[in-house]
Amino acid sequence: MAVAVRGGRGGGSALRNFFSYRIFVSAMFTLLFLATLSVLFSSHHDSTIGNAYLHRSLVSLSSDPLKTRLDLIHKQANDHVALVNAYAAYARKLKLEIAKQLKMFEDLAQNFSDLQSKQNYRSNLFDTVGPLDDDSLKQFEKEVKDKVKFARLLIADSKESYDNQLKIQKLKDTIFAVNELFVKAKKNGAFASSIAAKSTPKSLHCLAMRLMEERISHPEKYRDEDPKPEYEDPTLYHYAIFSDNVIAVSVVVNSVIKNAEEPWKHVFHVVTDRMNLAAMKVWFKMRPIQQAHIEIKSVEDFTFLTSSYVPVLKQLESAKLQNFYFQNSAENATKDVNNMKFKNPKYLSMLNHLRFYLPEMYPTLHRILFLDDDVVVQKDLTALWTIDLDGKVNGAVETCFGSFHRYSQYLNFSHPLVREKFNPKACAWAFGMNIFDLDAWRREKCTEQYHYWQNLNEDRTLWKLGTLPAGLMTFFSKTKSLDKSWHVLGLGFNPSVSMDEIHKAAVIHYNGDMKPWLDIALNQYKELWTKYIDSEMEFVQMCNFGV
């Protein structure tokens with residue numbers, strides 16, 4: 001019995017210990033809950049409401065089913081008050097110029113406080129010790145939700161001003177949008193510039209029409225004369241100029257003669273197209289260059305230039321090439337400026353490719369100076385005929401510097417044949433002023449080499465456009481480098497060409513889109529060209545060349 005009694009007492013003690021532990025834990029959780037409620041209401045400006053609400057919560061914890069709902073609404077309101085105050089404080093700290101927004105934040109925080117201080121809500125929700133009034137709770141919940149919604153909208157609108165990440169993203173988006181606009185404007189500008197460069201100015205069109213009108217009105221004055229013996233005299237200084245621009249050719253010829261020491265020894269071989277032949281002849285009949293010899297022909301006068309012999313003419317008969325150059329060119333150009341550049345038919349113009357047939361066009365000559373129609377001659381050039389070319393075919397000024405204007409920029413070195421035959425680092429040179437040894441040309445069979453490369457490039461896989469790449473391939477290792485003062489380039493695109501360099505140059509070249517006869521010409525260089533225009537010519541005055 002004694003054992004049984006002792007065992008019973010031990011079991012009772014363990015049971016009492018168990019219940020004591022549970023009471024202790026329950027008390028601790030109750031104290032923690034009370035502390036949490038005290039912290040929650042300590043931030044409220046009205047201590048009376050907080051104490052009454054705490055008292056009511058404790059009393060009705062087990063009896064009031066709406067207590068939890070009110071508690072959540074009250075917590076949501078206080079959370080948004082804290083958030084609104086945080087944004088307002090941050091705005092003051094940054095000294096942002098948003099006084100109107102700051103006032104809205106402050107008013108919103110005050111509205112939350114005023115809402116909880118309303119007499120109706122205090123008596124029915126916060127100060128009452130009995131059950132909560134359901135209608136008052138619903139009304140209170142509706143007003144809190146409306147203010148929470150407004151607070152969220154205000155914060156969402158203001159977030160970009162305070163959130164660094166959003167500000168950074170917005171800045172990135174702005175930069176991207178501006179860059180897109182810049183690229184678009186650049187393309188539109190390049191397109192407009194290209195259109196301006198390739199269009200015929202009204203003054204040039206007017207001049208051609210006036211000259212044609214003169215030819216039709218007085219046919220007896222412009223009968224063709226017999227060829228002069230000087231045209232084939234190899235002891236004279238011969239120039240080749242291929243152009244359809246009357247005023248440009250006249251400037252080139254005038255500038256050569258005015259700077260020549262012996263103008264009577266200079267012979268100009270001008271070749272144009274059939275449409276401008278009459279106008280070109282009338283100009284030089286009306287305004288003859290004193291003592292100079294000028295031969296004017298059209299491309300069609302050289303009967304050996306047929307599609308069976310000339311690759312460019314044969315390629316122009318190809319339907320595929322015609323589609324590439326002429327179909328939907330305007331539509332494609334607006335999408336890609338480079339595409340428009342590649343599709344410019346001038347690169348297949350026979351006037352552009354005549355330079356590769358000089359020995360056959362002038363079989364009696366030993367040397368000839370090729371000049372583009374956008375150059376101006378500033379010094380006597382006769383020394384070019386006595387320069388030792390070391391057996392090379394072409395005398396030209398090199399244009400490379402550093403990694404720029406190397407063969408790799410003009411030719412497609414991913415093509416195995418180009419990679420095998422040429423050095424990508426070889427220095428490029430310029431067309432526009434080139435002294436050609438026609439005897440060396442014939443010996444090296446350069447025209448045949450040009451034909452070889454031009455035939456291979458029918459699908460434009462060796463180079464994209466122009467005659468310079470074809471010239472670089474044809475005269476590779478056959479070009480003698482001349483002193484840079486003979487030929488200064490860039491006056492048609494580079495506003496930074498040194499005036500000192502220009503004044504020392506024998507020939508200045510307006511290569512680029514900004515030709516001196518266009519409105520888009522670079523003004524600082526234009527006078528160097530206009531001073532050689534024959535401004536006393538009546539048609540120049542009538543057509544408003546502005547000189």
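Helix 9 covers residues 246-258, which makes 13 residues, where helices (H or I, at least four residues) and strands (E, at least two) are DSSP runs numbered from the N terminus. From its first C-alpha to its last, helix 9 reaches 18 Å, close to the 18 Å expected at 1.5 Å a residue; the expected span is 1.5 Å times one less than the number of residues. This is a predicted model, in which local features need pLDDT of at least 70 and side-chain atom pairs count only at pLDDT 80 or more, while totals for chains, interfaces and linings use all residues. Residues are numbered from 1 along each chain as its sequence is written, and side-chain values use heavy atoms, with hydrogens and water left out.

**More on helix 9**

- Helix 9 is mostly covered, with 12 of its 13 residues buried; buried means under 20% relative accessible area, exposed over 50%, and partly exposed in between (1.4 Å probe, protein chains only).
- Among the buried residues of helix 9 are Val246, Ile247, Ala248, Ser250, Asn254 and Ile257.
- An α-helix has 3.6 residues a turn, so residues three or four places apart point the same way.
- Which residue caps the N-terminal end of helix 9? The cap is Asn245, with a side-chain oxygen 3.3 Å from the backbone nitrogen of Ile247.

**The second largest pocket**

- The second largest pocket has a volume of about 640 Å³.
- On a 1 Å grid over the protein atoms alone, a pocket is an open set of points where a 1.4 Å probe fits, with protein on both sides within 12 Å along at least five of seven lines. Grid points are joined across faces, edges and corners, and a volume is the space filled by probe spheres set on the points.
- This pocket is lined by 22 residues, and the closest to its centre are Glu225, Tyr231, Lys285, Ile294 and Ile296; lining residues have an atom within 4 Å of a point.
- Helix 10 (274-286) and strand 3 (293-298) each give at least two residues to the lining of this pocket.
- By class, the lining of the second largest pocket has 11 nonpolar, 1 polar and 10 charged residues. Here Ala, Val, Leu, Ile, Met, Phe, Trp, Tyr, Cys and Pro count as nonpolar, Asp, Glu, Lys and Arg as charged, and the others, Gly among them, as polar.

**Disulfides and cysteines**

- A disulfide is a covalent bond between the sulfur atoms of two cysteines.
- How many disulfides does a search of the whole structure find? There are 2, with a disulfide taken as a pair of cysteine sulfur atoms within 2.5 Å.
- Cys543 counts as buried because its relative accessibility is 5%.
- Another disulfide joins Cys400 to Cys427, with 1.7 Å from S to S. Cys400 lies in the loop between strand 6 (394-396) and helix 17 (416-421), and Cys427 in the loop between helix 17 and strand 7 (433-437), so the pair ties together parts 27 residues apart in sequence.
- The link of Cys400 and Cys427 is left-handed, with -105 degrees about the S-S bond. Cys400 is buried at a relative accessible area of 16%, and Cys427 counts as buried at 16% relative accessibility.
- With the bonded cysteines of the chain numbered in sequence order, the pairing is 1-4, 2-3.
- Cys446 counts as buried because its relative accessibility is 0%.

**Residues with a positive phi**

- Most residues other than glycine have a negative phi.
- Asp390 has a positive phi, near 55 degrees. Asp390 lies in the loop between strand 5 (375-377) and strand 6, and at 47% relative accessibility Asp390 counts as partly exposed.
- His405 has a positive phi too, near 55 degrees. His405 is in the loop between strand 6 and helix 17 and counts as partly exposed at 30% relative accessibility.

**Pairs from separate parts of the chain**

- Glu538 is in helix 23 and is partly exposed, with a relative accessible area of 44%. The C-alpha atoms of Glu538 and Leu207 are separated by 9.9 Å, although these residues are 331 residues apart along the chain.
- Asn394 lies in strand 6 and counts as buried at 0% relative accessibility. Asn394 and Gly471 are 77 residues apart along the chain, and their C-alpha atoms are separated by 9.9 Å.

Technical notes
Polar contact = N/O pair within 3.5 Å; in protein donor to acceptor, adjacent residues only side chain to side chain.
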